Every structure is written in structure tokens, then in C-alpha cells.
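Me: Could you walk me through this structure, bit by bit?

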Amino acid sequence: MTAESETVGSAGPQMPEIVPESPTIRLVVTLALAGLISGIAIMGIYEVTLPTITANKARVLREGVFKVLPGANRLQKLIYVDGDLAPTADTRKDEQPIYAGYDMDGSFVGYAIPGAGPGFQDTIGLLYGFKPNTRQVIGMEVLESKETPGLGDKIYKDAEFVANFRQLSIEPEIVTVKKGKKSAANEVDAITGATISSKAIVRIINETNDIWLSRLPEPGAEPPLLEVQTEAAESAKTVD
Amino acid sequence: MDKTQNQAYEEFIKGIWRENPVFVQVLGMCPMLAVTNSAINAFAMGGATFFVLVGSSFLVASFKNLIRKQVRISSFIIIIATFVTVADYTLEALVPTVHKELGAFIPLIVANCMILGRQEAFASKNTISMAVMDAIGMAAGFMLALLTLGSVREILGNGSLFGVDLFGPDFEPWIIMILPPGGFLTLGLILLVFNWFTVKKAQFIDKVAAAERSSS
Amino acid sequence: MTEKDPNLLLQHAPLLQQGMTTPQAMRDVLYALLPVTLAAVWFFGLGAILVLLASIAGAALTEWTFASQEKGGESLLDGTALLTGLLLGLTLPPGLPLWMAFLGGAVSIGLGKVIWGGLGHNLFNPALVGRAFLLATFPIAMTTWAPLTGADGFFTVQPSNLALPFMQSGTDAVTSATPLGLMKFEQQSTPLVNLIIGNTAGSLGETSGLLLIAGGIYLWMRRDLDWRIPVSILITVMIFSAILDMVDSTRFPDPLFSVFSGGMLLGSIYMATDPVTSPITPKGAWIFGVGVGLLVVLIRAFGGLPEGMMYSILLMNAATPLIDRYTQPRVFGRGKALT
């Protein structure tokens with residue numbers, strides 16, 4: 001088939017078979033020129049699209065945080081440095097941030113903590129809301145997952161399963177039980193046929209709790225919302 | 001129609017059917033199999049490939065006399081990669097959800113041998129208008145193949161087309177269709193039907209020719 | 001290549017002993033499976049017959065459709081499509097919607113046999129190709145196990161059996177767990193006597209260990225089956241599950257449970273021994289059997305699914321040409337084989 005297309009291609013003006021040897025410098029200049037033009041074009045499109053891309057990412061993050069922290073409509077990024085959880089505008093990549101959510105009056109609602117771990121197919125990334133004074137998970141949102149469509153993907157498509165995480169005690173830890181067997185405040189009804197994915201979600205939250213719970217300040221001593229942060233400045237800062 | 005118009009039409013139409021990059025040349029299999037699990041993904045990939053192929057063919061045909069033969073492949077790739085990057089950023093800004101679904105397969109358009117193949121085999125040897133007609137035909141043929149595969153897989157695998165539910169809530173989705181094996185199975189079946197049709201058509205033409213000969 | 005060389009007999013698998021024809025061998029296997037089929041109906045009710053018939057109909061119709069396109073398409077008459085359909089049906093759960101069983105039968109023949117060029121050219125066991133397709137396509141329906149027949153007795157037809165084509169059953173079926181599922185997810189064993197008689201949940205034809213073994217002995221006596229394959233599979237499984245059982249007896253079942261649970265007997269006696277897709281040399285048969293046994297134990301113990309018989313056989317099917325190549329007997333008086 002390729003041969004056929006080549007014959008068709010060569011129906012046009014034929015390139016001379018023997019090309020006079022070009023000096024190396026001309027070849028270098030040709031390529032350098034092509035690279036230069038290409039670079040300029042890419043820089044141009046990058047500059048044009050960057051604000052939209054940034055805004056999109058910020059919006060996705062805000063929506064995620066507000067979803068797992070019902071009642072919150074403002075957020076502030078916190079990172080853990082030198083034994084202290086502090087608001088930051090710093091966008092260092094190596095430090096995993098968490099987010100504090102506040103309601104209209106600026107009073108604290110809860111933390112939104114991102115976690116990740118292996119699922120049935122690939123890494124599952126999620127965000128969950130944690131309320132420190134009642135020590136409860138109050139919302140969970142799967143951000144990234146390649147779980148089997150129709151089965152494992154129920155971890156975010158099955159409203160019943162997601163509802164497990166609206167009011168879930170983390171003491172002493174979250175456990176998965178067979179569907180319909182939920183009896184205690186720290187139990188999650190697994191999805192029938194997707195036990196592994198369900199357990200993965202619970203394991204990720206438990207493991208993330210192990211890391212973060214000791215770092216959180218005493219209930220009542222949460223960092224206050226810095227009023228200087230306007231909506232616009234905030235959204236720009238919450239982007240990595 | 002004068003001769004040029006006729007040739008331009010010919011260059012356009014061959015990519016859609018007679019030399020269809022997927023069904024006949026079996027090129028560009030990587031995006032073909034990887035991102036056709038829904039019609040909308042297939043459409044986005046087809047659109048991005050269309051943009052890259054037509055843009056590259058236009059530039060390559062325009063600069064064919066400036067590009068030295070020894071560095072032509074590198075130059076083609078620079079041109080293609082530039083268009084791919086533009087498409088990548090544009091999709092990310094305009095349709096972030098689709099961009100996330102397509103993931104690594106947008107940068108991988110650079111490696112789609114159909115695109116480099118058209119530059120080497122056609123655009124670098126023909127006039128600008130012919131090169132563009134050829135590129136549009138090939139890209140349309142590629143889009144047609146992607147959409148066929150994407151539609152079949154989405155209808156069976158999800159009971160919907162372009163996200164619109166077709167069969168109601170009781171439909172039992174064929175999960176294999178939106179998983180990678182579904183891509184291979186569907187492509188194989190489509191190639192089967194395509195070849196069967198081609199063979200039948202040739203037989204029919206033979207039969208008609210024989211009938212005409214005997215009658216005359 | 002139009003003239004035939006009279007001294008060279010070119011024939012494809014299944015290569016059978018003299019006096020044995022393919023239809024006859026197929027009839028023997030059908031006889032051997034008869035008690036298992038009756039047991040399936042006894043345990044799961046009338047719905048079992050419907051599932052089996054749907055699967056056989058799918059296989060036979062597909063074969064007939066393709067065979068009628070070709071000249072001399074009499075392969076339908078040799079019973080292989082019926083056997084493929086029946087074997088597939090026996091690996092399906094009792095509550096499976098009939099249209100899925102029909103589709104599975106069609107895929108078994110279409111993807112498992114016809115596309116390769118017909119009987120003898122296929123690399124994979126057709127019935128298992130159909131089952132693998134169904135498991136990947138309808139994972140929920142294929143792992144929903146209807147309980148044994150209740151008060152309705154013989155006339156039980158699961159409501160999910162009668163789902164309309166392309167539709168779900170709609171009703172939430174009463175389900176039960178297979179012995180392997182109980183073991184894997186709840187560390188709960190099933191009494192061996194139930195596994196041998198067959199009154200446990202599971203695929204239609206896999207539950208009754210006793211009848212499966214009886215059919216296997218009949219086939220061995222009729223010389224329809226290479227005894228090395230089932231024997232080597234079962235011995236390998238027993239050895240390796242004994243080792244795992246010693247390491248952690250709550251997580252891993254004992255050897256007898258491993259042999260009598262799930263599709264182990266059905267697969268090793270009736271599917272792994274398929275003459276087309278298993279090695280022809282005795283040494284090859286041993287290698288094949290050990291490979292299947294090892295893979296089953298590994299998949300069951302460490303995989304995500306409770307059962308691994310189907311994937312083990314399919315994987316070793318893929319290795320069969322290689323095994324055959326490296327186990328060719330040495331020609332007498334020559335040096336190394338395979339030069």
C-alpha cells in the first residue's frame with residue numbers, strides 16, 4: 001500500500017535524484033532558522049493560552065475543594081514547614097500542600113487533603129475533606145483514576161458509595177465492610193464486584209491520615225483566613 | 001472542470017476512500033487504537049491531526065525549495081512538532097476535560113507516521129494547492145476512520161453517542177469496547193468489512209465487464 | 001502447488017490415532033459431559049438448559065453462517081461447534097442473561113475458530129475465548145452467581161436469564177458466593193463433600209467434582225484424552241497450594257480444596273486437553289500441564305480475581321507452538337533435535 005501512495009506522490013514534479021552537495025554551514029543555517037521560527041511560534045501560543053489554562057486548573061481545584069468541604073466557599077493553601085502548618089503563596093513543587101476551606105464569614109470549615117495510592121488498574125488520586133473538631137471525613141472526590149469502566153469506576157460514579165464519605169468517623173481507622181453491612185460510624189460499604197477499588201480508596205485515606213493528622217494544629221487553632229488574599233490573587237496562588 | 005481542478009479533486013478524494021490512511025494504508029494505529037473509546041475523543045484527535053497535517057503540508061510545500069535534501073526529515077519534524085505543540089496548548093485552554101482524556105496522545109501526533117509520510121511522499125514534491133488538497137483528503141479520511149471506530153465503541157461500550165444516551169438506563173454496556181481490546185476487535189472487524197466490500201466490488205465490476213463483453 | 005505429492009500427507013491438527021475420526025471423538029466428549037450437564041440442570045433448574053441451549057445456538061449459527069459461505073462447509077456436521085457451545089455454556093454462571101450466552105457462543109466460533117481458518121488452525125481454545133470475551137465485556141453479570149434451586153425446584157428460571165437483548169436484567173438478583181470467592185474475600189472454606197457432590201454456587205458445569213472426574217475416566221478409557229495433561233495440572237496445583245497453605249493456612253486453601261473448587265476439574269480435563277490447542281508430544285504435555293497448574297495457583301493466590309483457570313489455559317495455549325517446537329523427538333541416528 002505504501003508503494004502505491006509513493007507512486008501517486010511522485011506523479012508531481014520530481015525532486016532531482018542527485019542534489020549538489022550543500023555546504024554544511026547552509027544545512028546548519030536552515031535548521032537553526034527552522035528551530036528559531038518554531039520556537040517563536042511556540043512561545044507565542046504559550047503566552048496566549050497560559051492565562052486560560054491557569055484559570056481552568058484553579059477552577060478545577062476550587063470546585064474540588066468546595067465539593068469535599070460542604071459549606072466552604074473560600075480556600076487557602078497551607079504547607080507544612082518546620083513543624084508548622086502555615087498559609088503560603090509559595091509554589092514549591094516538592095512540598096505537598098493541603099487546603100483549608102472557610103465559609104462566607106471567614107470561619108474555618110475543614111481541611112481538604114489530597115492523597116494518592118495504587119488502585120486496581122493504576123494510581124488513584126483523590127481529595128477528601130476532613131473536619132478536625134469532630135474527626136470526621138466529610139466529603140471525598142476522586143480526581144484521577146483509570147479503574148475499570150462500569151465496575152471500578154463506581155468509586156466516583158456510584159452516589160451511594162460516595163455518600164459513605166459524607167460523615168465518616170476516622171477513629172480508630174476507616175474499615176471496608178461488605179455492602180449493606182455498615183453498622184459503625186467508621187465503616188464504609190464496599191461496592192459489590194469492585195472490592196479492590198473500594199478498599200483502595202479507604203486505604204489511601206487511612207494512609208494520608210497517618211501522615212497529616214499529627215501535623216494539623218489543635219481544633220480551634222486553625223490558621224485564620226488571611227483577608228489580604230482576594231479571590232483573584234488566591235486563584236493565581238493555588239496553581240502549581 | 002479543467003485539468004488542475006480535476007487533479008485537485010482527485011488528490012482530495014483518494015485520501016477518503018481509495019488510499020484511506022487507516023483502512024487501506026493501516027497508518028497512525030497508535031491514536032487509532034488508543035483514543036477512540038468515545039466519539040468526542042475521536043473527534044478531538046481527528047481535529048488535532050487535521051490541523052497538524054494540513055498546516056505542515058502547507059508549510060512544507062511552501063518551503064520545499066529552501067529545505068536542503070540532507071536535512072529535510074529534521075525540518076519536517078520541526079514543522080510538525082510546532083503545529084502539534086500549538087494544537088496541544090489550544091486544546092488544553094479550550095477543552096480541558098477532553099485534553100485530559102487524550103493525555104499523552106496529543107504530543108504523540110508528532111510520531112504519527114501518516115503525517116511525516118505525507119510530507120515526504122507528497123507535500124515536498126508538489127505545489128502548495130495540491131499538497132493542501134492531499135492533506136485535507138488524508139486528514140478527512142483519518143477523521144472518518146477515527147469517528148467510525150469511536151462511534152461503534154461508544155455506542156456498544158457506553159450506550160451513547162457524543163455523550164447522548166441512546167438506549168435508556170437498562171442498557172447493558174459492553175465494557176470490553178471502551179477498554180484497549182475493544183479497539184483492536186473493532187478495528188479488525190471494520191478492516192474485515194472494508195476488505196470484503198472491496199473484494200465484492202471488484203467481483204461485481206468483473207462480472208459487469210464480462211457480461212458486456214459477451215453481449216457485444 | 002496444484003498437484004499433490006502422493007508421498008506427503010499434509011494434515012492439520014487434531015492429529016488422531018488411526019481408526020479415530022473427529023466426529024467420533026467429539027461424540028465421546030459429548031457423552032462424557034452428559035452427566036455433568038444433567039447435574040447442572042439438577043442443581044440450577046431449567047434455566048441451566050436455557051443458558052446451555054443459547055450458547056450452543058450462538059456457536060452453531062455462527063459456524064453455519066460462515067460455513068455456508070465456503071465451498072464444502074460441512075464442518076458443522078462434525079459436532080465441534082456443538083461441543084464448543086456446550087463447553088462454553090458449562091463455564092457460564094446460571095443466572096446469565098440468555099442473549100449474553102448466545103453472544104458468547106457466537107464469539108467463541110467467530111473469534112476463536114473461524115477467523116483462524118477453522119478447526120485445527122486456532123491457537124486458543126474457542127470456548128475459553130468466548131468466556132474471556134464475556135468476562136471482559138460483562139464483568140458484573142459474569143461474576144453474579146445465582147444460588148442453587150430453591151422451592152421451585154426443577155422449574156427454576158432466574159429472572160436475570162430472561163433479560164431482553166442488550167438490556168440488563170433490571171431486577172436485583174439474589175446472589176451467593178462461590179467457594180473460591182468465599183475463600184479469597186472472606187477466608188471461609190467450604191466442606192470438601194459439597195465440592196465433590198457439587199451443591200455449591202458456581203458456573204453451571206464446574207461444581208460437581210465427582211461427575212467431572214467420572215467423565216474424564218471415560219474419555220481416558222476411550223483414548224480420547226491425553227491423561228498427562230490433567231494429571232500434571234492437578235499434581236502441580238496440589239504441590240504448590242500445599243506449600244502456600246503451609247506458609248499461611250488462613251489465606252491460602254488446602255490442596256484438595258484447590259483441586260475441587262472452581263473450574264479446575266472442568267478446565268483441566270475438558271479444555272486443557274483440547275487436541276488442537278495443547279502440545280502433541282508427551283514431554284510437551286507435561287510441560288503444558290505444569291505451566292497451567294503453576295499459573296492457576298499464582299493467579300488464585302495473588303491475582304485480583306478468585307479464579308484463574310481460564311487465563312492459565314489461554315496463556316499456555318499461546319505457548320503451545322513453542323513447546324511443540326522444543327519437544328520434537330530426536331530423529332534416530334541424528335545429532336541434536338531441532339537443528
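**Strand S3 of chain A**

Reply: Strand S3 of chain A, residues 98-102, is mostly covered, since five of its five residues are buried; a strand here is a DSSP run of E of at least two residues, a helix a run of H or I of at least four, both numbered from the N terminus, and buried means that 20 or more other C-beta atoms, placed from the backbone, lie within 10 Å of the residue's own. This is a predicted model, in which local features need pLDDT of at least 70 and side-chain atom pairs count only at pLDDT 80 or more, while totals for chains, interfaces and linings use all residues. Residues are numbered from 1 along each chain as its sequence is written, and chains are lettered from A and ligands numbered from 1 in the order in which they are written.

Me: How many residues lie between S3(A) and S4(A) in the hairpin?

Reply: There are five, and Gly106(A) in that turn has a positive phi of about 85 degrees.

Me: Switching to chain B, how many helices and strands are there?

Reply: Chain B has eight helices and two strands, and 46% of its 216 residues count as buried.

Key. Buried ≥ 20, exposed ≤ 12 C-beta atoms within 10 Å, placed from the backbone. Pairing = 2+ DSSP bridges.
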